[in-house]
Amino acid sequence: MDVMFTISDINKVAKQLWNEAKQYKVWALNGEMGAGKTTLIHALCGMLQVTGAISSPTFAIINEYFSPVAGTIYHMDWYRLKDEEEATQAGIEDCLYSGNLCLVEWPAKAEGLLPGDTLQVYIELADDKTRRLKTTAPAKDES
């Protein structure tokens, strides 16, 4: 997927992303501060009918939501993590390998913990109002 969008298109983009990538359980959302990672997750969770507050887990590291469409969703923000050891102590691996949908902001902070079948999602600032969203699917295992 490679699409340009504005904030007014975020719900449409979230739906398109879900339709194209729902088979992946771990999504690594990459982008600079203010690119729209949390906004996209909020739109995605809204589309998936998550009830309750959807917010960035910057201090909690992991928020857990429930969706009648997707089941349990883990929203993780690794921005404040020092290293992979701290991530492990926070219980991140339990979430990543739970089989539930995991949406990870700032994945580079503990990149080595991500499963090999992680979907990479890149959000780039094109200008003040426009973003570019690209995805890179994991390579298929040919063995």
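Visitor: What do the buried residues of α1 pack against?

Guide: They pack against β1, β2, α2 (37-47), β5, β6 and β7. Contact means heavy atoms within 4.5 Å. Helices (H or I, at least four residues) and strands (E, at least two) are DSSP runs, numbered from the N terminus. This is a predicted model, where local features need pLDDT of at least 70, side-chain atom pairs count only at pLDDT 80 or more, and totals for chains, interfaces and linings use all residues. Residues are numbered from 1 along each chain as its sequence is written, and side-chain values use heavy atoms, with hydrogens and water left out.

Visitor: Which residues of α1 are buried?

Guide: I10, V13, A14, L17, W18 and A21. Buried means under 20% relative accessible area, exposed over 50%, partly exposed in between (1.4 Å probe, protein chains only).

Visitor: What puts them on the same side of α1?

Guide: Their arc around the axis is only 135 degrees, so they share one side of α1. The arc is taken over the directions from the helix axis to the C-beta atoms. N11 and K12, on the other side of α1, are exposed.

Visitor: How do you know that the span of α1 agrees with its 12 residues?

Guide: The expected span is 1.5 Å times one less than the number of residues. For α1 that should be 16 Å, and the end C-alpha atoms are 16 Å apart, so the two agree.

Visitor: What makes D2 and R132 a salt bridge?

Guide: The rule asks for a side-chain nitrogen of Lys or Arg within 4 Å of a carboxyl oxygen of Asp or Glu. In D2 and R132 the closest N and O atoms are 2.5 Å apart. D2 sits in strand β1 (residues 2-6) and R132 in strand β7 (residues 130-136), so the pair ties together parts 130 residues apart in sequence.

Visitor: Why is D2 called partly exposed?

Guide: Its relative accessibility is 46%, so D2 counts as partly exposed. R132, at 29%, is partly exposed too.

Visitor: How many salt bridges are there by this rule?

Guide: The count is 2. K134 also forms one with E124, the closest N and O atoms being 3.6 Å apart. K134 lies in strand β7 and E124 in strand β6 (residues 119-125), so this pair ties together parts 10 residues apart in sequence.

Visitor: Why are β1 and β3 called edge strands?

Guide: The open sheet has 7 strands in the order β1-β7-β6-β2-β5-β4-β3, with mixed pairing. β1 and β3 (62-67) each pair on one side only. Two strands pair if DSSP finds at least two bridges between them.
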